[in-house]
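Biologist: I would like to go through the fold of this protein, one piece at a time. Please show me the model.

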Amino acid sequence: MIEDIAKNLVELKQEFRRIYSGNSHIQEIIPLTKSNSFPIAQNELKSLHLFATQNPIYYNSYEQKINDVECMVYEGDINKYWLNSIGQDSSYQPFSPTWILSAFLITSIAKELGYSQILDIGSGDGRIAYCAKVLGLKSHAIEIDETLVDLQKSLCNLTNTDFDPVCADAVKFDYSELNLQKPAFFIGGLAQMGGDVLATNIIRNLDSELKQKTCMVFAGSYSEKYSFTDTSDGGWHGLIDTNNLKVTKSVFLPTVWSFDQTVDTSYIFTEFL
């Protein structure tokens, strides 16, 4: 069912992209009510809208019917946070988030696969970790940019949802402190934008016993916008092969950086052999 919702969201995004006449820096949509195309519990949809309405990166919203789906359109600007994030010496990719509903769907997949803890690495405004909490999972948001961590803490208070923001370099962080049982690591950053370096260093810090319980989730791109030789697994094939991982599931979903593209971002779920 989650894969069907993902396909419906991609179709909805492509139509929204076609008809959108605004000029905001970022934009995204969330359905207003549960429907056949988006059979998501109304209380969960309400939580997604709450995150958007309380998030200062969005400055405008309006209702619009798209492909017969009543949606709320959110318009925003992340320039302030984007510029600050590129100033971090250890940052692997500037802040550029996935859509809130996309974050909800990828955490839903992790839950469906049996993972109980979500680690949002390079967490930005913490939307993946937030969605994990909405779904009843344990979450940790690891972010090196203090300004973004302050934003996360504010959102925890405003939404009354503690998704555990941590200001730290994910490469140097001691994950043994978290008592991980069956975690899913969501790696913030495309492989060709430094995400491969981030993921490689995190994998090195996991002991062999924990690896057997761990899911690594990568955001992949097939866009010509990025220059890389191997397009297999969205640019992650080399790392997957080198680290003895296997792909268990993949799904395409909208992100801020893929809004103007016909092919959306692939989220690749892997586990250690």
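This is a predicted model: local features need pLDDT of at least 70, side-chain atom pairs count only at pLDDT 80 or more; totals for chains, interfaces and linings use all residues.

Biologist: Which residue in β10 is the bridge partner of L253?
Modeller: β9 pairs with β10 (residues 265-272) in the antiparallel sense, over eight bridges. In β10, the partner of L253 is T265.

Biologist: Three strands form another open sheet; which of them stand at the edges?
Modeller: The order in that sheet is β1-β3-β2, with antiparallel pairing. An edge strand has a single partner strand, so one side of it is left without a neighbour in the sheet. The strands in that position are β1 (26-31) and β2 (58-66).

Biologist: Which residue in β3 does S61 stand opposite?
Modeller: β2 and β3 (residues 69-76) are antiparallel and share eight bridges. The residue in β3 opposite S61 is Y74.

Biologist: What angle does helix α1 make with β2?
Modeller: Helix α1, residues 2-19, lies across β1, β2 and β3. Its direction relative to β2 is about 105°.

Biologist: Are helices α2 and α5 roughly parallel or roughly antiparallel?
Modeller: Helix α2 (residues 42-53) packs against helix α5 (residues 127-134) at about 150°, with the axes 10 Å apart. Angles over 145 degrees count as roughly antiparallel. The two helices are therefore roughly antiparallel.

Biologist: How many nonpolar residues are in the contact of α2 with α5?
Modeller: From α2, the residues are E44, S47, L48, L50 and F51; they meet R127, Y130, C131 and V134 in α5. By class, one residue of this contact is polar and two are charged. The nonpolar residues number six.

Biologist: What is the radius of gyration of the protein, and does it agree or disagree with a compact globule?
Modeller: The protein has nine helices and 10 strands. Its C-alpha atoms fill a box of roughly 50 × 40 × 35 Å along the principal axes. For 273 residues, a compact globule would have a radius near 19 Å, which agrees with the protein's value of 17 Å.

Key:
Residues are numbered from 1 along each chain as its sequence is written. Side-chain values use heavy atoms; hydrogens and water are left out. Two strands pair if DSSP finds at least two bridges between them. Helices (H or I, at least four residues) and strands (E, at least two) are DSSP runs, numbered from the N terminus. Axes are lines fitted to C-alpha atoms, for helices over the stretch in contact, and angles run from 0 to 180 degrees between N-to-C directions. Angles under 35 degrees count as roughly parallel, over 145 as roughly antiparallel, 65 to 115 as roughly perpendicular and the rest as oblique. Contact means heavy atoms within 4.5 Å. Ala, Val, Leu, Ile, Met, Phe, Trp, Tyr, Cys and Pro count as nonpolar, Asp, Glu, Lys and Arg as charged, and the others, Gly among them, as polar. The radius of gyration is taken over C-alpha atoms; the globule rule is 2.2 Å times the number of residues to the power 0.38.
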